[in-house]
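Please open the model in your viewer and keep the selection tool at hand.

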Amino acid sequence: MATNKRTYPNSNFAWYNDEDRLAIVCEDTTSVSGESTVEKYDTFQGTGNISGTISSFADYNGTVAGTTKATCSAAHGLKTGDRIAISSLPDGDLDGNYSITYIDGDEFYFTKAYVAESSGTFTSLFIENGLRITYTAKYGTIDAQTEDLKTNAGLDSGLHPAVVCYLKARMFEDMGDIQRAQYFKGMYDKMVKQYPLRKSGVRTLSVPRL
Amino acid sequence: MTAKNIIEQIEKLFGRQSEQYMFQLMNDALDDIASHKRNFTSSKKTNLKKHQRWYQLDDDVVDIKRVEVLDTNDRYVLVPKLADSHKILRADTDSNSATWSSATGSDDSLT
């Protein structure tokens, strides 16, 4: 397979969101009798990108009740809470999907009563850092005098005077001086409204007369 | 400008003030500016999980601009937004846990 050929994930991903959740779906290409598959979307069904060989299983019940320890032949790269699919040999008695708990670099345990199996393999049920979002965000919070509004909160330095006006407006409002409060609130609104957004690039090309 | 600079300006006019109250007012101002300007963008990454549809968003997310998934070449590929989701989706799933980590911005993107 050519290394520059994109095979995974496929190109049929899509997203949508509600107030506080993001949904990731894939076009469902499975064929069900009597049902159209055109433009049907379902959850991501692909295979994870972390896998490895389990060189031995051991009874971990003495440490954590009802669990089995897996020792891998190399660093597994998993974290506590990660979900994996295990396939065990020779009988497949430990086959299944599990949420694992990290022990060390090449060991983890999972909740399943120990059954003697010689070895096995595991594959993650996720793509590590496989999803990236870019979003407009709230600014960071300030909770120490040494913190800077630009470096700690992300507020453009040109808008720092607006914060001062906002504070003055609120302070005058607390004192009952509504006239001054409105004056500084007006200044604040004007600064925020007029402050230019950053441009993403050159929008027009000026061609001088030849 | 640091928080201390701002507090000094306020205290010059109003006298000694509670530090926590000043922080609260500054954070109120930051939230108010964010709701009006929407020019502070950020990126985060999380695991793409098999059989999981919903990913809980952190509280700092105001508006999602773009969503990308990692391909086999370790490049992030832009995915489209589903315009009419209710008519073409299969049954929902219940899990929605997600742990987001900050993106460094060094990753390559395809748009």
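**From the strand pair to the helix**

Select Ala137(A) first: its bridge partner is Val61(B), in strand 3 of chain B. Strand 10 (residues 126-137) of chain A and strand 3 of chain B pair in the antiparallel sense over seven bridges; two strands pair if DSSP finds at least two bridges between them. Helices (H or I, at least four residues) and strands (E, at least two) are DSSP runs, numbered from the N terminus.

This is a predicted model, in which local features need pLDDT of at least 70 and side-chain atom pairs count only at pLDDT 80 or more, while totals for chains, interfaces and linings use all residues. Residues are numbered from 1 along each chain as its sequence is written, and chains are lettered from A and ligands numbered from 1 in the order in which they are written.

Next, select the contact between the chains (C-beta atoms, placed from the backbone, within 7 Å). Chain B contributes 68 residues and chain A 67. On the side of chain B that touches chain A, helix 2 of chain B gives the most, with twelve residues.

Then move to helix 1 (residues 160-175) of chain A. Its 16 residues should span 22 Å at 1.5 Å a residue, and the end C-alpha atoms are 23 Å apart, which agrees; the expected span is 1.5 Å times one less than the number of residues. The buried residues of this helix pack against helix 2 (178-194) of chain A, and also against helix 1 (3-14) and helix 2 (19-37) of chain B.

Terms used:
Two residues are in contact if their C-beta atoms, placed from the backbone, lie within 7 Å.
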